[in-house]
Amino acid sequence: MDRIAVRQSGPLEGTVPISGAKNSVLKLMAATALAPGEFLLHNVPDIADVTWMGELLTTMGMTVERPAPGDLRIIHDGTLVPEAPYELVERMRASIVVLGPLLARYGRARVALPGGDDFGPRPIDMHLRGLEELGASFEFAHGYIEARADQLIGARVLLEFPSVGATENVLLAAVLAKGTTVIDNAAREPEIADLASFLNRMGARVLGAGSSTIQVDGVEQLAPVEHTVIPDRVEAATFLAALGVAGGELLLAGARHDHMDMYVAKLGEMGMRISPDSEGIWAMSARRLRAVDVSTLPYPGLATDYKPLFVAMLATADGVGIVTENLFAGRFRYVDELVRMGADIRTEGHHAVVRGRPLLSGAPVRAPDIRAGAALVVAALKAEGETIVGDAHHIGRGYERFVEKLRAVGADVRAC
Ligand code: UD1
């Protein structure tokens, strides 16, 4: 499936099961390098990024299996080749997060330097500086980072910016370091709290994850565990955006309202009704959305991953909204695609000014990345005629059964 055909749809009605969080499971998978034995993860989405992270673990010497739908078993026999090759790191930047655990457990790691991507450059200087504080040293040769650390020693790590990846890499190294590490200005995303609870179950001593200061008291060894991945807040946000555009009433089964407070508040300002439900999140959209201004920030601010969804919603909302990106330069490539669908959007530096139109016009477009691809499908729910979203494999990196889930609640969407 590399293309998705979408026709104007709505109202959407029914229940959408929300899958496990991509941005959590990838880090939990990396964390299995910290202890030998057999791990079992539940609520693991069947998406390309999980397959690729599985390939990376397999290349290093682990056994990765899917014993049942939603489950992932990882067996680590204690003898890994601590190396992440370029072909895999290039495909999935998140694989850089194996650096911390490999250093902590094996004292060395050879990891390909990730390149830039469609969002622009994505440096890893903060990851490396944080690990250096714990005593690691790095050399760069032939596109690889050669990392060494005979014994990591706990230290204070002050991050220049609350980077998700840098917080995770330092946390994953600190759990086996000697003594106490304090990460200040840590990222506070729910996926980091999930990683910490996984590590604590393994026997680590992590306090404060989910806040700006994380304290880690190093332990000598960790043990494998069973764990259920938290729900994917970006997937839930995507279905809320689809509901906002197409109208209707949905139950997002398994979604966590408390992981997406700010997003829910914004959609409330736009005219949707959303509330926590014993089974997840209940939501209703009865009229055309009202335009709002949106600015992305680290959690608990509005996630940069939600941004294309806001632009898609504003494209057919009533009024003018300004969307400001504060995290990644140049994350506006999909805007040209929305303009091809008749949207009225101007970008200037890290701002996009979106003037809502009652209806867009179906057109062939291309998905530039995971979230932007999903946002194009969302926008197409309110486009006259047919929209064909090409390069849909990007969407499959992060969304499990995206087309089926949309169809099940009444959207006129099909893989083609
Ligand atoms: C993670 C998420 C991604 C999300 C992002 C921000 C995963 C797999 N990906 O990405 O979906 O959009 O958080 O919520 O979890 N930076 C540096 N130096 C560094 C590290 C980061 O300059 O060493 C910059 C980045 O270029 C970016 C900003 O810091 O401008 C935030 O990046 P970061 O929080 O690290 O994002 P990721 O962990 O890459």
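This is a predicted model: local features need pLDDT of at least 70, side-chain atom pairs count only at pLDDT 80 or more; totals for chains, interfaces and linings use all residues.
The surroundings of S211 can be followed step by step. Leaving aside residues up to four places away in sequence, S211 touches A186, A187 and R188. One reaches the backbone oxygen of G208 at 2.7 Å, and another reaches the backbone oxygen of T213 at 3.1 Å.

The view can now be widened to the whole chain. The domain assignment divides the chain into domain 1, made of residues 3–19 together with 231–415, and domain 2, made of residues 22–228. A distance of 30 Å separates the C-alpha centres of domain 1 and domain 2. To the contact between them, domain 1 contributes 24 residues and domain 2 contributes 22 residues.

How much area is buried between domain 1 and domain 2? The value is about 1,900 Å², and carbon and sulfur atoms give 52% of that area. Such a figure is handy for readers new to the subject, because the size of an interface is often given as the accessible area lost when the parts come together.

Polar and charged links also join the two parts. Between domain 1 and domain 2 there are two salt bridges. In a salt bridge, the side chains of E191 and R233 meet with an N to O distance of 2.8 Å. The count of residue pairs in polar contact between domain 1 and domain 2 is six, with both residues of each pair at pLDDT 80 or more.

Which elements give two or more residues to the side of domain 1 that touches domain 2? They are α12 (370–380) and α13 (393–398). Of the elements on this side, α13 supplies the largest share, three residues. Sorted by class, the side of domain 1 that touches domain 2 holds ten nonpolar residues, nine charged residues and five polar residues.

Notes. Residues are numbered from 1 along each chain as its sequence is written. Side-chain values use heavy atoms; hydrogens and water are left out. Domain bounds come from an automatic or database domain assignment. Contact means heavy atoms within 4.5 Å. Buried area is the accessible area (1.4 Å probe) that two parts lose on being put together, summed over both. A salt bridge is a side-chain nitrogen of Lys or Arg within 4 Å of a carboxyl oxygen of Asp or Glu. A polar contact is a pair of N or O atoms within 3.5 Å; within protein, one must be able to donate a hydrogen and the other to accept it, and residues adjacent in sequence count only if both atoms are side-chain atoms. Helices (H or I, at least four residues) and strands (E, at least two) are DSSP runs, numbered from the N terminus. Ala, Val, Leu, Ile, Met, Phe, Trp, Tyr, Cys and Pro count as nonpolar, Asp, Glu, Lys and Arg as charged, and the others, Gly among them, as polar.
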